[in-house]
Each structure stands twice: as C-alpha cells, then as structure tokens.
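Student: I would like to learn how to read a model of this kind, one feature at a time. Could we look at it together?

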Amino acid sequence: MKSSPVSLWRLSSILLVGFTASVAAEESAYNMTQGVTDISEKVYDLHMLIFYICCAIAVIVFGAMFYSMYHHRKSKGAVAAHFHESTKVEVIWTVIPIIILVLMAIPATKTLVAMEDTSQSDLTVKITGSQWKWHYSYFGEDVEFFSLLATSQKAIDGIEEKGAHYLLEVDNPLVLPINRKVRFLMTSDDVIHSWWVPDFAVKKDTIPGFINEAWTRIDKPGVYRGQCAELCGRAHGFMPVVVHAMEENEYDEWLLAKKAELEQAKQEAAASLTASLSMDELMAIGEKVYVDRCAVCHQVSGAGIPGAFPAITGSSVATGSVDEHIDVVVNGRAGTAMQAFANQLTEKEIAAVVTYQRNGLGNSVGDMVQASDVNQFKASKEGQ
Ligand code: HEC
Ligand SMILES: [Cu+2]
C-alpha cells in the first residue's frame, strides 16, 4: 500500500495527458477548428496554449490536493496543523497566478491586435444582416446581392430527406479570393446579427446604425460554412453563411461574370417595366417570391403567426387599396419586422407577389398589378 499515492498521482496524470492529447488531435470533432487563415491558426494555437496551461494547473493543484488527502488521512494518525495568516504563503499564491495571467495575456493581446488590424486590405465587402438573410456588397465593384437559405421548407419539415449541408447552404454564397486581404464592414438593417465563419476565426456582431470591421486572408480554396451567431428572431437558425474561396484568377473571372449577370438582370428589369404579364404568369412568379421571401413570416398558407406576423389571408391591406398594398411591400413598415423590399426585389417581382397576395392565399380581389404600376408608385413617392 505504500506506493499507492505515487501510482494514484501517476494514474491521474496519465489520464489527463491522454485526454489532452486526444482532444488536441488534429481536427478532432470536439476541438476548435484550426481553420484556413493565419489568424485562425493563431487563435487555435492560443486556445491550445491556454488549454495546456489549465491542464498543468489542474494536474498540480488536484495532484497536491489528492496526495495530501490521501497521505495525511486521519486513519494514518495525521493531526491537522493549526497555523494561519502566513504572509509568505499569501504572497506566493498571489504572485504565481499573476505571473501566469500576464504570461497568458501577452500572446492573447498579440493575436487580438492582429485580428483588429484591417489596414492595407485588397478588397472590401460590406456585410449587412437582415431578418433573415445576408447582403453582400463589393466596394467599388458595383456587385451586390442577397444570400438566402437554400434548404427547402420540405427538408426542414421532415417531408424531404435532409441533405449533407442541411441549413448550411445558400443560393448565392459570398465569393472571395484566396491570398488577398479582405476587409469586412458589417452592419444590420434591423436587429443585431453576427457573421460567423469558424474557419476564418471571424465572428463579429452586425449592429444597426454601427459599422464593425473585421478581415480575413484565406489560405486555401474551398467552401466554408458558418451561421448567424446572435439570436435575431424566429428564423435565426435559418440564415447561414457560405463563403466560396477561389484562386485569385478564378475570382477575377467570377467578378466579371457576376457584373455581367447583374447588368443583364438590370436590363431585364427595365424591359419588364413595359411588359404586361398575364394573371397566370404573375401568380406563378408571385407564388415563388412569396414562398422564398415572405412565407418565413406570413407563412406559406398566408395565415401568419398571430401576435407576430399578420395574416395575408383576409388582410385589409391585401384586399384593400392597391397603392397601400404596394406601399407596405416597397417601403415596409418602419419599426416592425416588415422590411422595405424596394431594393430586394425587382418591380416585376413586387408586382407579382402583390398580385399573388391579392388573388392567392384565400384572397380573390381580382385585380392585377404590373411592374409599371410599382414603378409609377415609386416615381410618385420620389417627387414628394
Ligand atoms: C421578417 C418578417 C417579414 C417578412 C419576411 C415579410 N413580412 Fe410582411 N409583415 C411583417 C410584419 C411584422 C407586418 C406587420 C407590420 C405592422 O405591424 O404594421 C407585416 C405586414 C405586411 C402586410 C400588411 C398586412 C396587414 O394586414 O397589415 C403586407 C401586405 C405584407 N406584410 C406583405 C409582405 C410581403 C409581400 C412580403 C414578402 C415580399 C413580406 N410581407 C415579408 C413581417 C414580415
Ligand atoms: Cu441573425
């Protein structure tokens, strides 16, 4: 029995070291990711360093504790000492932790300072959170778009099988070049969201009325996924972040193609202002827009959620004056979750979704709204 305390000590240290080593194993599912940027690497190293320091402290403190409890136990005839107020001990157990804390603060501060240094960036992307999607705008490039959840409602409801990237897939991912310093300017249209991509070690709140800065320089091409990390309302879990990191030349090509695509969409939208669509066409486009963009609040059936989101079925707006209906959709309702869709949807889409709300979802007003009506409405408001 004499060797017991020693083997106990040994056992506990073996257990701890074993646990630490397995947790530290590369890309363990239980550990932080090492990521694909210099900063994420630094954050990971910092995390591991602090973790090992904690482990060492735990081994020493618990080791001393268990050893004393075992070695000086009552059945062995140990008698408690009766000293207190030892200045020497108090100084030691104050000074040692202070030294440890200072030693930990040095690398932590270095990493934090590096994370905040957004200077000398090669490109700037403005990220705007809004319920419940992200908007990306490339500074000086005339490229901007919304990024919406791409997982189907059926998969969410469990009717369809859930894919590999369930709730972590979007229609338009943010595309970034590798090896270039990207500065992010982050803000929000409504409530506080947080743009988080673990692989970049970037996680920053987007706050209405404020602009926060962050940056990244990605080392490896790939698709990186993240989420909104700030509880932002009902569909908080449905606004993922997907970043497609490309080789630099690929990115340049993508940017050109995207510009051309957006330009073409603009021209089509302009052309559609004079086109007159049939009721069937309006309803078909309107239903798609409604399901994609409005149903998250007003529900696919149009029933809304009592107390939070008004029903469209039987709504006095959706069955009342067309102008007021267009007004709500174009300008939103200030101070509520009903956002202004003027810059999110084309005139054609607004016309279609308004028509759909008036003639679908249990309503049957019978009138049609064309893109030109929406355009006229906007023009009349501009003069005021
Ligand atoms: C983020 C949630 C949200 C989304 C998305 C949303 N709405 Fe709304 N909507 C609201 C809220 C909240 C109100 C009530 C505003 C108020 O209190 O005046 C509202 C009100 C309305 C009304 C007036 C209803 C009434 O009876 O007062 C219409 C019409 C409407 N929304 C149309 C749309 C359309 C069209 C879309 C999609 C393009 C859409 N909404 C998307 C939250 C939303
Ligand atoms: Cu959010």
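Student: Which residues does UniProt list for "domain: Cytochrome c"?

Tutor: Please keep in mind that this is a predicted model. The UniProt record, an unreviewed entry, lists residues 281-361 under that name. In the model, the span 281-361 is 51% helix and 0% strand, and its end C-alpha atoms lie 16 Å apart.

Student: Which residues come nearest to ligand 1?

Tutor: Ligand 1 has 22 residues around it, of which Cys294, Cys297, Ser315, Thr336 and Met338 come nearest. Two or more residues of this shell come from each of helix 6 (279-298), helix 7 (322-331) and helix 8, and helix 6 gives the largest share, with 5 residues. Sorted by class, the shell around ligand 1 holds 13 nonpolar, 7 polar and 2 charged residues.

Student: Helix 8 also meets helix 9; at what angle do their axes cross?

Tutor: The axes of helix 8 (residues 347-359) and helix 9 (residues 371-382) cross at roughly 110° and come within 7 Å, which means that helix 8 is roughly perpendicular to helix 9. On the helix 8 side the contact is made by Glu347, Lys348, Ile350 and Ala351, which meet Ala371, Asp373, Val374 and Asn375 in helix 9. This contact has 4 nonpolar, 1 polar and 3 charged residues.

Student: Turning to the sheets, how do strands pair in general?

Tutor: The strands of a sheet pair through backbone hydrogen bonds, and they do so either parallel or antiparallel. Here, one open sheet has 5 strands in the order 4-10-9-6-7, and its pairing is mixed. Strand 4 (174-177) and strand 7 (202-206) each have a single partner strand, so each of these edge strands has one side left without a neighbour in the sheet. From one strand to the next, the twist of this sheet averages 25°.

Student: In which sense do strand 4 and strand 10 pair, parallel or antiparallel?

Tutor: Strand 4 pairs with strand 10 (residues 241-246) in the parallel sense, over 4 bridges, and within this part of the sheet Leu176 stands opposite Ala245 in strand 10. Helix 5 (residues 248-272) packs on the sheet and touches both strand 4 and strand 10, with a direction that makes about 135° with that of strand 4.

Student: What do strand 6 and strand 7 form at the other end of that strand order?

Tutor: Strand 6 and strand 7 form a hairpin with 4 residues between them, and in the turn Ala201 has a positive phi of about 55°.

Student: How many bridges link strand 2 and strand 3?

Tutor: Strand 2 (residues 133-138) and strand 3 pair over 5 bridges in the antiparallel sense, and you can find the pairing by looking for Ser137, which stands opposite Glu144 in strand 3.

Note on methods. Residues numbered from 1 in each chain as written. Chains lettered and ligands numbered in written order. Predicted model: local features only at pLDDT ≥ 70, side-chain atom pairs only at ≥ 80, totals over all residues. Pairing = 2+ DSSP bridges. Axes fitted to C-alpha atoms, helices over the stretch in contact; angles between N-to-C directions. Contact = placed C-beta atoms within 7 Å. Parallel < 35°, antiparallel > 145°, perpendicular 65-115°, else oblique. Nonpolar A, V, L, I, M, F, W, Y, C, P; charged D, E, K, R; others polar. UniProt positions renumbered as here; feature names shortened; annotations may be inferred. Near = placed C-beta within 6 Å.
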